[in-house]
Amino acid sequence: MTLAEAVASVTLPVTTKVFTESGGLHTVELPCLLEQIQDAVVSSGKDSAGGGGGATTGSVLNSAAFDEATYIRRVIGSWRTDLGLKRIPELVQALNDWHMVFTRTSGDHDLFIREIQSWAVKIKQILDPPKRLEIVGPCPTCNESHYLNGEGEWVPNPVVIEYPHDMADLKEARGYCRSQECDEVWEGATTFIWLRSLLGK
Ligand SMILES: [Zn+2]
């Protein structure tokens, strides 16, 4: 990966595939990773859509996103300072200007490429934890319709499927039964064939 590619990987919009509960696969375009992490710092309350309205809906601080955005801002700030540029709060512009000036110098790129790649990995971890889908009904292996949860309550639907937000690799999908006596695990593409057969009923 070149430095230009590393910069692009966090400053250009992200195209991703999302799996819907009905079994469809959609392609969506999201803001770039640096914008996503900045936007995730404060996620507004449930009814944020409407304008007006006086009472605040209680914004929630995502502390992992806040820490990461703050860290990245500080690192880019020090890179900019080294080149005689002022620090600015907006991450995309801060990185892009720095990159433009830096490419005119003879500095070694490797350290910067590695650092920017590490941001991309971290941001994806913070913003895209695996999606979970609860399968309604009993487990096809043990036939249990309920399982004992962490609070000691019997709750329905023991089978869960987890899959990555980015569906590029179906092998990362994983299904499992939460019934203690069962512990069945399904992995990879077979999980999806099985899931479809359940949803198709
Ligand atoms: Zn089971």
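Helices (H or I, at least four residues) and strands (E, at least two) are DSSP runs, numbered from the N terminus.

I note that this is a predicted model, in which local features need pLDDT of at least 70, side-chain atom pairs count only at pLDDT 80 or more, and totals for chains, interfaces and linings use all residues. Residues are numbered from 1 along each chain as its sequence is written.

**Entry 1: H1 and H5**

I looked up which residues of H1 meet H5. Leu3, Ala6, Val7, Ser9 and Val10 of H1 meet Phe112, Ile113, Ile116, Gln117, Trp119 and Ala120 of H5.

The axes of H1 (residues 3-11) and H5 (residues 110-127) come within 9 Å and cross at roughly 20°. Axes are lines fitted to C-alpha atoms, for helices over the stretch in contact, and angles run from 0 to 180 degrees between N-to-C directions. H1 and H5 are therefore roughly parallel to each other; angles under 35 degrees count as roughly parallel, over 145 as roughly antiparallel, 65 to 115 as roughly perpendicular and the rest as oblique. The crossing of H1 and H5 is left-handed, a term for a near helix turned anticlockwise from the far one by less than a right angle, with right-handed used if clockwise.

I find H3 (residues 63-82) packed on H4 at an angle of about 30°, with their axes 10 Å apart. That makes H3 roughly parallel to H4. The crossing of H3 and H4 is left-handed. Ile72, Arg73, Ile76, Trp79 and Arg80 of H3 make the contact with Leu91, Ala94, Leu95 and Trp98 of H4. I list its residues as seven nonpolar, no polar and two charged.

For H2 (residues 33-41) and H4 (residues 91-102), the axes come within 8 Å and cross at roughly 145°. The contact joins Leu34, Glu35 and Gln38 of H2 to Leu91, Val92 and Leu95 of H4. Its classes are four nonpolar, one polar and one charged.

**Entry 2: the sheet**

I traced an open sheet of four strands in the order E5-E8-E9-E10, with antiparallel pairing. E5 and E10 (185-187) stand at the edges with a single partner strand each, so one side of each has no neighbour in the sheet. The twist averages 20° from one strand to the next. Strands pair if DSSP finds at least two bridges between them; E8 and E9 (residues 174-177) pair over four bridges. Glu162 has Arg174 in E9 as its bridge partner.

**Entry 3: single residues**

Most residues other than glycine have a negative phi. I found a positive phi near 70° at Asn143, and one near 65° at Asn157. Asn143 lies in the loop between E5 (131-134) and E6 (146-148), whereas Asn157 is in the loop between E7 (154-156) and E8 (159-163).

Is Asn143 buried or exposed? Asn143 is exposed, because 10 other C-beta atoms lie within 10 Å; the cut-offs are 20 or more for buried, 12 or fewer for exposed, and partly exposed in between, with C-beta atoms placed from the backbone. Asn157 counts as partly exposed with 15 such neighbours inside 10 Å.

Phe192 belongs to H6 (residues 189-199) and, with 18 C-beta neighbours inside 10 Å, is partly exposed. Phe192 and Ile161 are 31 residues apart in sequence and 8.9 Å apart in space, C-alpha to C-alpha.

Key: Contact = placed C-beta atoms within 7 Å. Nonpolar A, V, L, I, M, F, W, Y, C, P; charged D, E, K, R; others polar.
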